[in-house]
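Please work through each task before reading its solution.

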Amino acid sequence: MKKEYRVRKHREFDRIIHAGAKVKTPHYTIYVEKAEGQPHARIGLAVSKKNGNAVTRVRIKRQVRAMVSRHFDGKPRLNLIIVIRPSFSPSQKQGNEEELAKALAQIKDTAIE
């Protein structure tokens, strides 16, 4: 995922989290906002220190970025903040990916309507 497709500023994270809709799953909380005035969808990831040390958190972010690139094509144009919960286990890749794919499909279906 290219850097231009990421939400990077703290102000934007706060705005999306407070103003957007929310989808909760056992391992993720996804906040959604329509990307008005944006040429493409953008995604931000948040992993707390409860998930592990810095190495573990970076590994989790890399895994989730790869999952998102496989299951979210950027249409419709949305700003997403994906908060990875402490129950997330990097060793259970298949189950985590299926859960994220279902949540992203649910978001796409509700955004199109």
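**Exercise 1.** Determine how many salt bridges this predicted model contains.

*Solution.* A pair counts when a side-chain nitrogen of Lys or Arg lies within 4 Å of a carboxyl oxygen of Asp or Glu. By this rule, the predicted model has 3 salt bridges.

**Exercise 2.** State which elements are linked by the salt bridge of arginine 42 and glutamate 12, and whether the two residues are buried or exposed.

*Solution.* The N to O distance between the two side chains is 3.4 Å. Arginine 42 belongs to strand β3 (residues 42–47) and glutamate 12 to helix α1 (residues 10–19), so the pair, 30 residues apart, links distant parts of the chain. Both arginine 42 and glutamate 12 are buried.

**Exercise 3.** Classify each partner in the salt bridge between arginine 15 and glutamate 33 by accessibility.

*Solution.* The closest N and O atoms of this pair are 3.0 Å apart. Arginine 15 lies in helix α1 and glutamate 33 in strand β2 (residues 28–34), 18 residues apart. Arginine 15 has a relative accessible area of 38% and is therefore partly exposed. Glutamate 33, at 16%, is buried because its value is under 20%.

**Exercise 4.** Repeat the classification for arginine 70 and glutamate 97.

*Solution.* Their side chains form a salt bridge at 2.8 Å, N to O. The bridge joins helix α2 (residues 54–71), which holds arginine 70, to helix α3 (residues 93–112), which holds glutamate 97. Arginine 70 is exposed because its relative accessible area, 52%, is over 50%. Glutamate 97 has 15% relative accessibility and therefore counts as buried.

Notes. Residues are numbered from 1 along each chain as its sequence is written. This is a predicted model: local features need pLDDT of at least 70, side-chain atom pairs count only at pLDDT 80 or more; totals for chains, interfaces and linings use all residues. Side-chain values use heavy atoms; hydrogens and water are left out. Helices (H or I, at least four residues) and strands (E, at least two) are DSSP runs, numbered from the N terminus. Buried means under 20% relative accessible area, exposed over 50%, partly exposed in between (1.4 Å probe, protein chains only).
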